Amino acid sequence: MERIYLDYGATSPMRSEAIEAMIPFLKSEFGNSGSIHDLGQRANDAIQMARSQIMHALGAETPREIVFTSSGTEANNLAILGFARKHRQKGTHIITTQIEHPSILEACHFLEKEGFTVTYLPVDSTGMVTVQEVQNALTDQTILVSIMAANNEVGTIQPISEIGKVLKNHQAYFHTDAIQFFGKIPVCVKELGVDLLSIGSHKIYGPKGVGALYIRKGVRIEPLLHGGGQERAIRPSTLNTPAIVSFGVAAQLVAEEVKEEAKRLTKLREYTWYRIRQEIGDVELNGHPTNRLPNNLNLSFQRVEGQAILLELNREQIYVSSGSACSAGKHRASHVLQAMGKREEIAYQSVRITLGKETDQTQIDRFIDVLKQALHYLRMLI
Ligand SMILES: *Cc1c(COP(=O)(O)O)cnc(C)c1O
């Protein structure tokens, strides 16, 4: 039985070019990039190469604008905590949304304990924030606005460049969590009008445990870690050369392929959604109908829990995600679907299907066959 992976929103397999790129740095090229000798300098050169690849992939101006971190989560924390702490004399108000990833929401909650005020903007039923709402929330105390480029659960894409334009006329700086967005939609930091942008490697066919924060030239950040002078002391510690080199390759390739792949995945997603609607029915699409990530389908099947569907598919080695997280035995409905005003029932019914590089129509056809059987069975039980 062939394994069918439809959970690219959670993580992606590494592409072979990214695996190959890291091998020398796991074997003979093990030097510390801070060392003066040749072995160290070769590691340093490879890291600078990766920095340039990421700079180009994001449309940044200089490689110095890219700071490597240990994850997307760390890039988000560095942006939120690092920026707020550095600029607190200019104001103590931050604007974000109710549907951010926990690495933004929890960092913001933490800042509230440090005396900051945070506005968590609502979203409409498709998961969109409006530019007007951002504008209305701005005060002379606002120093930072952080709005995700695309939501990881429902795939809705936010009007980032429009918000960027509004913020040009305000002292507030602009951060976006582009961890789910990058590699699915072309990114250009200038066009988006952002000062800070987070990306992660393991969502774009690179290794886990590495991410990066774009920090526009001249924007100042307080480090979270204190140590040596690596990454211009913004993010000290010996750099993870193999992971960074591999991330650079993955970022370059995903940026080269993004336009074609977006077209292919949109087609495949529409085919999937059409067949599910026609052949299974009693199903609702969560998120924006068109303004969404090309690879994302978030569906609520009436009368059936998402987790039950996930487990039925799992028996057939088909891997998807459900809209409710079961952590420490507690069943919790997604904060994203709740913010979109979905009934709790809909939130528990949701299943996230995320396509990627290896997904093709043959896989989708088998997925739909199994899904049909699973729903037939699960709906018969009630
Ligand atoms: C995956 C993800 C993160 C966290 O990134 P890690 O590298 O797993 O820490 C943050 N935000 C979004 C939108 C994500 O999809």
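In the predicted model, a polar side-chain atom of Gln180 is placed 2.6 Å from an oxygen atom of the ligand. A polar side-chain atom of His202 lies 2.8 Å from a ligand oxygen atom, and a backbone N or O atom of Gly72 is likewise found 2.8 Å from an oxygen atom of the ligand. The ligand taken alone exposes 380 Å², of which the protein buries 89%.

The shell around the ligand comprises 13 residues, the closest being Thr73, Asp177, Gln180, His202 and Lys203. By residue class, this shell divides into 9 polar, 2 charged and 2 nonpolar residues. Helix H3, spanning residues 72-86, gives the most to the shell, with 3 residues.

The strands of the model were examined next. An open sheet is formed by 7 strands in the order E2-E8-E7-E6-E5-E3-E4, with mixed pairing. Its edges are strand E2 (66-69) and strand E4 (117-121), each of which pairs on one side only. On average, neighbouring strands of the sheet are turned by 20 degrees against each other, direction ignored. Within this arrangement, strand E3 (residues 93-97) pairs with strand E5 (residues 142-146) in the parallel sense over 3 bridges; Ile94 stands opposite Leu144 in E5.

Helix H2 (residues 38-58) packs on the sheet and touches E2, strand E7 (196-200) and strand E8 (211-215). The direction of helix H2 makes about 115 degrees with that of E2.

Technical notes: Residues numbered from 1 in each chain as written. Predicted model: local features only at pLDDT ≥ 70, side-chain atom pairs only at ≥ 80, totals over all residues. Heavy atoms only, no water. Near = heavy atom within 4 Å. Polar contact = N/O pair within 3.5 Å; in protein donor to acceptor, adjacent residues only side chain to side chain. Areas by Shrake-Rupley, 256 points an atom, 1.4 Å probe, with all protein chains shown as cover. Helix = DSSP H or I, 4+ residues; strand = E, 2+ residues; numbered from the N terminus. Nonpolar A, V, L, I, M, F, W, Y, C, P; charged D, E, K, R; others polar. Pairing = 2+ DSSP bridges. Axes fitted to C-alpha atoms, helices over the stretch in contact; angles between N-to-C directions. Contact = heavy atoms within 4.5 Å.
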